[in-house]
Amino acid sequence: MQKILTIGAGRMAQAVISGILQQEEETFQVIVSNRDNLERLAQVKESYGVETTDNWKKHLTSSDILFLAIPPREQENLLKEVSPYITNQLVFSVAAGVGVKELENQLPDGTAVAWVMPNTAAEIGQSMTLYALGQHVKEMHKNTLETILRGIGPAQLVCEEQLHALTPITGSAPAFVYQVAEALGKVAMTKGIEEDVARKLVSQMILGSAQMLSSGQTPKDLMDQVATPGGSTAAGLKVLQVEGIEDMFEKAIEACLDKNKQVY
Ligand SMILES: NC(=O)c1ccc[n+]([C@@H]2O[C@H](COP(=O)([O-])OP(=O)(O)OC[C@H]3O[C@@H](n4cnc5c(N)ncnc54)[C@H](OP(=O)(O)O)[C@@H]3O)[C@@H](O)[C@H]2O)c1
């Protein structure tokens, strides 16, 4: 059984831990640590039945995997502390913007590292996760990481540059979808229904549409199925096109990328 030490016990750590514990093909021993919030550690212990510790140093050398789930700004200092205890563990981090190269630079030569970028749907096992691997990752590390990530939804291996470039699509764009949901919900409420009914209509419409997309049909085919030429949906689509919806999304993604460059 492989031993995973998790540093960080927040939302993302808990989503991944919950996924790990549901794995059937491989079992892991999970030990969770954080900075100083003992109440949160107690809650994690009670919710997931895992071991917790306020002293990760005691566990790191005997661990096979180190999972870092702490804020990006904290990671550089933590890596300095962690580094002397690294022997041959796989180290993976979910910190936004802090990629494989930074991990490799701050850890001993030869350390197997991975950078993983889930989204908030990890909490319900439906993340679209991107991950990039360092140069020292072996097949066995990759298999282990993929087993861990399966617990939070589908994952796609990309190179580090692509991970930076695609994070707005998988990580930020859920907020764009929620904005669409909010806008449509507001319109629905003007037709005389309560907010909860409006939310149900819109969320089920998005869920059904996402499942249709997952079935392999292209967005264009699906649009054509809904919009008969000259019909009412076609009239609505035309407004979106005239208003420049594609351009708008492109600009929104570019804005995320620009901001990432400034922050990290
Ligand atoms: N939430 C998301 O949807 C999401 C998506 C993709 C990536 N991420 C990444 O996931 C990471 C964690 O995010 P989160 O949403 O889980 O944050 P969070 O809920 O605020 O949890 C942060 C955790 O990190 C711990 N921590 C902070 N500094 C530490 C230090 N110096 N040493 C040890 N532990 C430390 C905190 O300890 P205490 O409990 O003691 O405060 C807390 O348990 C971030 O890097 C973020 O970029 C998050």
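This passage describes the second largest pocket of a predicted model and then turns to its salt bridges. Because the model is predicted, local features need pLDDT of at least 70 and side-chain atom pairs count only at pLDDT 80 or more, while totals for chains, interfaces and linings use all residues. Residues are numbered from 1 along each chain as its sequence is written, and side-chain values use heavy atoms, with hydrogens and water left out.

The second largest pocket holds about 1,200 Å³ of space. Here a pocket is an open set of points, on a 1 Å grid over the protein atoms alone, where a 1.4 Å probe fits and protein lies on both sides within 12 Å along at least five of seven lines; lining residues have an atom within 4 Å of a point. Points are joined across faces, edges and corners, and the volume is the space filled by probe spheres set on them. The lining comprises 45 residues, with I70, P71, P72, A95 and A96 nearest the centre. At least three lining residues come from each of domain 1 (2-157) and domain 2 (165-263), bounds taken from an automatic or database domain assignment.

Several elements contribute to this lining, with at least two residues each from α1 (11-21), α4 (72-82), β6 (112-117), α7 (160-189) and α11 (245-263). Helix α7 gives the most, six residues. Helices (H or I, at least four residues) and strands (E, at least two) are DSSP runs, numbered from the N terminus. By class, the lining has 19 nonpolar, 15 polar and eleven charged residues; Ala, Val, Leu, Ile, Met, Phe, Trp, Tyr, Cys and Pro count as nonpolar, Asp, Glu, Lys and Arg as charged, and the others, Gly among them, as polar.

Ten salt bridges are found in the whole structure, each defined as a side-chain nitrogen of Lys or Arg within 4 Å of a carboxyl oxygen of Asp or Glu. In helix α4, K80 and E76 are four residues apart, about one helical turn, and their side chains meet at 3.9 Å, N to O. K80 is exposed, at 55% relative accessible area, and E76 is partly exposed, at 45% (buried means under 20%, exposed over 50%, partly exposed in between; 1.4 Å probe, protein chains only).

Helix α11 holds another pair, K251 and D247, four residues apart, with their closest N and O atoms 3.5 Å apart. K251 is exposed at 57%, and D247 is partly exposed at 41%. Elsewhere, salt bridges with shared partners join K101, E160 and E161 into one network.
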